[in-house]
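This briefing walks through one protein model, topic by topic. Keep the structure in view while reading.

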Amino acid sequence: LRESELRYRLLAENASDVIFTADLAMRLTYVSPSVVQLTGYTPEETLSRDIDGWVAPGSREFVLKSFPRALSRAKSRTELSAAARTASVEMLKKDGGTIWAEIKIDFLRDAGGQPIGMLGVARDITDRRMAEIELEHRVQLETLITEISTAFIGISTEYMDQGIRN
């Protein structure tokens, strides 16, 4: 048991992704040292913060609405395993900035299959998220240009038709 615990602790403490556990009130109970690279906060600082201290305001509502639904579905399941849930969440950094993280969680279950906590992994996807946002803006701009061009052509055609009739 001690050897197995040491092996898993070494894995968690040397992973580049942040590994964490939380209770069903979404209070973190463990966070791997890699959280320093992700957020700038030490594991101890991270554990002392509630959800308002690690989720940016723009993602907080999503997390607070999604979690109860996921927990309800997990409680209604009778099998011991369920599909992990993955979401992109904007997280707060110690320096005042934010990063985007892909967070994957699954519920830890008791012998009866009921959720008793969460196990999660968080990975920095800021570069990917910024590229997605840039692409969304580009598509919006192209759509706007197309709509303006179409409207301009329609107005020009109508104006020319009136000129020909007059």
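E4 and E5 form a hairpin, with five residues between the two strands. In its turn, Gly-113 has a positive phi of about 90°. The model that shows this is a predicted one.

**Strand pairs at one end of the sheet**

- E4 and E5 are joined by nine bridges and pair in the antiparallel sense.
- Within this pair, Ala-101 stands opposite Asp-124 in E5.
- E3 and E4 also pair in the antiparallel sense, over eight bridges.
- Glu-90 has Trp-100 in E4 standing opposite.
- The hairpin of E3 and E4 has five residues between the strands, and Gly-96 takes a positive phi near 95° there.

**The pair E1 and E2**

- E1 and E2 run antiparallel and are joined by three bridges.
- Thr-21 has Tyr-30 in E2 as its bridge partner.
- The loop between E1 and E2 holds Met-26.
- Phi of Met-26 is near 65°, which is a positive value in a residue other than glycine.
- Most residues other than glycine have a negative phi.
- Is Met-26 buried or exposed? Met-26 counts as buried because its relative accessibility is 14%, and the cut-off for buried is under 20%.

**The whole sheet and the helix on it**

- Which order do the five strands take in the sheet? The sheet is open, its order is E2-E1-E5-E4-E3, and the pairing is antiparallel.
- E2 and E3 are the edge strands, since each of them pairs on one side only.
- On average, neighbouring strands of this sheet are turned by 30° against each other, direction ignored.
- Helix H5, residues 57–76, packs on the sheet and touches E3, E4 (98–109) and E5 (115–124).
- The direction of H5 makes about 150° with that of E3.
- In a regular strand, side chains alternate between the two faces of the sheet.

**The chain as a whole**

- The protein chain has six helices and five strands.
- Read from the N terminus on, the elements run α-β-β-α-α-α-α-β-β-β-α.
- Of the 166 residues in the chain, 33% count as buried.
- Among contacts between residues at least 6 apart in sequence, 47% join residues at least 24 apart.

**The cavity**

- Rolling a probe the size of a water molecule over the atoms shows where empty space is left.
- The structure holds one cavity of 30 Å³ or more.
- The space in the largest cavity is about 140 Å³.
- Its lining has 16 residues, and Leu-28, Val-35, Thr-46, Trp-54 and Met-91 lie nearest the centre.
- At least two lining residues come from each of E1 (18–22), E2 (28–31), H2 (35–39), H4 (51–54) and E3 (85–92).
- Which element gives the most to this lining? H2 does, with three residues.
- The lining of the largest cavity divides into 12 nonpolar residues, three polar and one charged.

**The largest pocket**

- The largest pocket holds about 370 Å³ of space.
- It is lined by 20 residues, and those closest to its centre are Val-63, Ser-66, Phe-67, Ala-87 and Ile-105.
- E1, H5, E3 and E4 are the elements that give two or more residues to this lining.
- H5, the helix that packs on the sheet, gives the most to the lining of the largest pocket, with seven residues.
- By type, the lining of the largest pocket has 15 nonpolar residues, two polar and three charged.

**The second largest pocket**

- The volume of the second largest pocket is about 240 Å³.
- Among the residues that line it are Glu-5, Tyr-8, Arg-9, Leu-119 and Val-121.
- Thr-21 and Tyr-30 are also part of this lining, and they are bridge partners in the sheet.
- H1 (2–14), E1 and E5 are the elements that give two or more residues to the lining of the second largest pocket.
- The largest share of this lining comes from H1, with five residues.
- Seven residues of the lining of the second largest pocket are nonpolar, one is polar and two are charged.

Key:
Residues are numbered from 1 along each chain as its sequence is written. This is a predicted model: local features need pLDDT of at least 70, side-chain atom pairs count only at pLDDT 80 or more; totals for chains, interfaces and linings use all residues. Side-chain values use heavy atoms; hydrogens and water are left out. On a 1 Å grid over the protein atoms alone, a cavity is a set of points where a 1.4 Å probe fits but cannot get out, and a pocket is an open set with protein on both sides within 12 Å along at least five of seven lines; lining residues have an atom within 4 Å of a point. Grid points are joined across faces, edges and corners, and a volume is the space filled by probe spheres set on the points. Helices (H or I, at least four residues) and strands (E, at least two) are DSSP runs, numbered from the N terminus. Ala, Val, Leu, Ile, Met, Phe, Trp, Tyr, Cys and Pro count as nonpolar, Asp, Glu, Lys and Arg as charged, and the others, Gly among them, as polar. Two strands pair if DSSP finds at least two bridges between them. Axes are lines fitted to C-alpha atoms, for helices over the stretch in contact, and angles run from 0 to 180 degrees between N-to-C directions. Contact means heavy atoms within 4.5 Å. Buried means under 20% relative accessible area, exposed over 50%, partly exposed in between (1.4 Å probe, protein chains only).
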